[in-house]
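This report describes the fold of a single chain and the surroundings of its ligand. Please consult the sequence and structure shown here alongside the text.

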Amino acid sequence: MPPKTIQIIGSLNIDLITRTPRHPNPGETLTATSFTYGPGGKGANQAVACARLSRSKNNQQQQQQQQQQQQAAPPSTSSLSTPNIHIDMIGAVGNDFFGHHLLDELKANGVDTTRVQQTDGEKTGTAVVIVEEDSGENRILITPGANASVVSPPSLFLPSSSSSSSSSSMTSLPDLIILQLEIPLATVVNIIATARESCIDVLLNPAPAVGDLPRDVYKGLKHLIMNETEAGLLMGALGSETAEAEEEKGSPKNAQDICERFHALGVTNVIITLGAKGVYYSFRNEAEGWGEGGHVPAAEVETVVDTTAAGDAFVGAYAVAVVGHGAGVAEAVRWANRVGARTVEKEGAMGAIPWGDEVGGLPV
Ligand code: ADP
Ligand code: NA
C-alpha cells in the first residue's frame with residue numbers, strides 16, 4: 001500500500017522568547033533574564049507533530065544520518081525506513097536567517113518542505129513573546145510576514161514534485177489537509193471549498209480564535225478541533241450562546257450542545273479540547289444524523305511545565321491516528337489526549353512534542 005499523505009497548509013513562525021522578572025514600564029529599559037528563539041507557528045508545529053508522532057525518534061535520526069551519507073557517497077539502494085505517512089508542509093517563509101532555520105528544523109523532523117515558498121521580498125513571520133516570570137503572564141506580538149502571502153493557486157493540491165524513495169505517494173491527492181487560521185482567511189476558505197469539490201478530507205483547527213467564519217466553511221467539514229475559547233467565539237458568532245449555556249461552559253451537556261450546532265452546519269467530527277479538563281468529542285452518525293461522543297478526562301501529568309503547543313500536538317496526534325492507523329474518532333481522541341499531556345510536561349513549543357514511540361497506545 002502506498003504511504004498516506006497529510007498536507008499541512010499554514011503558518012511558519014520563529015518564536016523570539018524573552019524571560020523577564022517583570023514587564024518594563026513605558027520608556028523603561030530592563031535587563032531580562034534570558035532570551036531564546038525557536039521554530040513555531042501553528043502550521044509548522046502541527047506538521048512536526050504529524051511527523052514525530054508517525055515515526056520513532058531513533059529511526060528518524062538513523063534515516064537522516066543515512067541520507068547525509070547517501071549524499072556524500074550515492075549508490076545505496078534501499079532506504080532504511082520509508083515513513084508510513086508523508087508529511088507535506090505548504091506555506092511561506094522569508095529568504096532570511098529565520099526562514100532557513102525553520103526549513104532545517106522541519107526537515108530534521110521528517111517534514112517535506114519542498115513546497116514551502118521562500119520569498120525574497122518577505123520576512124519570515126515572528127512571534128515576539130515576553131514572559132513575566134513573577135506572574136507567569138505572557139505578552140505576545142505576532143508579525144505574519146511571509147505567512148500573509150500564502151494564497152491558494154489551483155496547483156495547491158497537486159502532488160509534490162520532490163523526489164524521495166516513496167515516489168508512489170507523489171502521484172495521488174493528500175488523504176487529509178490540515179488548516180489553521182494564521183494564514184489569510186480567504187486562502188483557508190478557498191482551500192476548504194476546493195477540497196470539498198475534490199472529496200479530500202479537511203481538518204480545521206480554527207486557531208487563533210476569531211469572531212466569525214463564513215458558514216460555508218462547515219459544510220462537509222470532516223474534523224473540527226478547537227479549544228474552549230475558540231468554540232465559545234464561534235458559537236457566539238452563530239448567535240446561539242445563551243446566558244445559560246455560558247454558565248455551563250465546559251460541562252458535558254453544554255459541550256454536546258455546541259457539537260450538535262456544528263454537526264447541524266455540516267461537520268462530521270467535532271472535538272473541543274479542554275486543557276487540564278481533557279477533551280470532549282462528538283461524531284455524527286452519517287446514517288441517522290445524530291451526534292454521539294463523550295468526555296475524556298485529561299491524562300495524568302507529573303508536573304505541568306509549559307502548555308505551549310499542547311493544542312498543536314493534539315491536532316497532529318489525532319490526524320496521525322485517523323490517517324495512519326485508521327483509528328476511529330474515540331480512539332484518536334484518547335491517543336491525542338495522552339500526547340497533549342506529554343507535551344505540557346516539557347518546556348518549549350515544537351521541541352516538547354513527543355515522538356510516536358514516546359507515547360504508548362497506538363503502534364508506530
Ligand atoms: P490549546 O493549547 O489549543 O489551548 P488545550 O489547552 O485545550 O489546547 O490543550 C490541548 C490538549 O492537551 C487537551 O485537550 C489535553 O488533552 C492536553 N492538555 C492540556 N493541558 C493539560 C494539562 N494541564 N494536563 C493534562 N493534559 C493537558
Ligand atoms: Na510544552
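The sections below cover the overall composition, the sheet, the nonpolar core and the ligand shell.

## Overall composition

The model is a predicted one. The chain has 364 residues, of which 45% are buried. Its secondary structure consists of 9 helices and 13 strands.

Among the contacts in the chain with a separation of 6 or more, 70% are between residues 24 or more positions apart.

An open sheet is formed by 9 strands with mixed pairing, in the order 5-4-1-8-9-10-11-12-13. Its edges are strand 5 (116-119) and strand 13 (291-296); each has a single partner strand, so one side of each lacks a neighbour in the sheet. On average, and with direction ignored, neighbouring strands of this sheet are turned by 15° against each other.

Within the sheet, strand 9 (residues 201-204) and strand 10 (residues 223-227) run parallel and are joined by 2 bridges. Leucine 204 has leucine 224, in strand 10, opposite it.

## Helices packed on the sheet

Helix 3 (residues 97-108) packs on the sheet, where it touches strand 4 (85-94) and strand 5. The direction of helix 3 makes about 175° with that of strand 4.

Helix 4 (residues 185-197) also packs on the sheet, in contact with strand 1 (4-9), strand 8 (176-179) and strand 9. In this case the angle between the direction of helix 4 and that of strand 8 is about 165°.

## The nonpolar core

The largest nonpolar core contains 88 residues. Ala47, Cys50, Ala317, Tyr318 and Ala319 have the most contacts inside this core. Helix 8 gives the most to the core, with 11 residues.

For tyrosine 318, leaving aside residues up to four places away in sequence, the residues touched are Ile225, Ala332, Val333 and Ala336.

## The shell around ligand 1

There are 19 residues around ligand 1, and those that come nearest are Thr273, Gly275, Ala276, Gly311 and Gly340. The shell divides into 11 nonpolar and 8 polar residues, with no charged residues.

The largest share, 4 residues, comes from helix 9.

Methods: Residues numbered from 1 in each chain as written. Chains lettered and ligands numbered in written order. Predicted model: local features only at pLDDT ≥ 70, side-chain atom pairs only at ≥ 80, totals over all residues. Near = placed C-beta within 6 Å. Nonpolar A, V, L, I, M, F, W, Y, C, P; charged D, E, K, R; others polar. Pairing = 2+ DSSP bridges. Axes fitted to C-alpha atoms, helices over the stretch in contact; angles between N-to-C directions. Contact = placed C-beta atoms within 7 Å. Buried ≥ 20, exposed ≤ 12 C-beta atoms within 10 Å, placed from the backbone. Core = buried A, V, L, I, M, F, W, Y, C linked by C-beta atoms within 7 Å.
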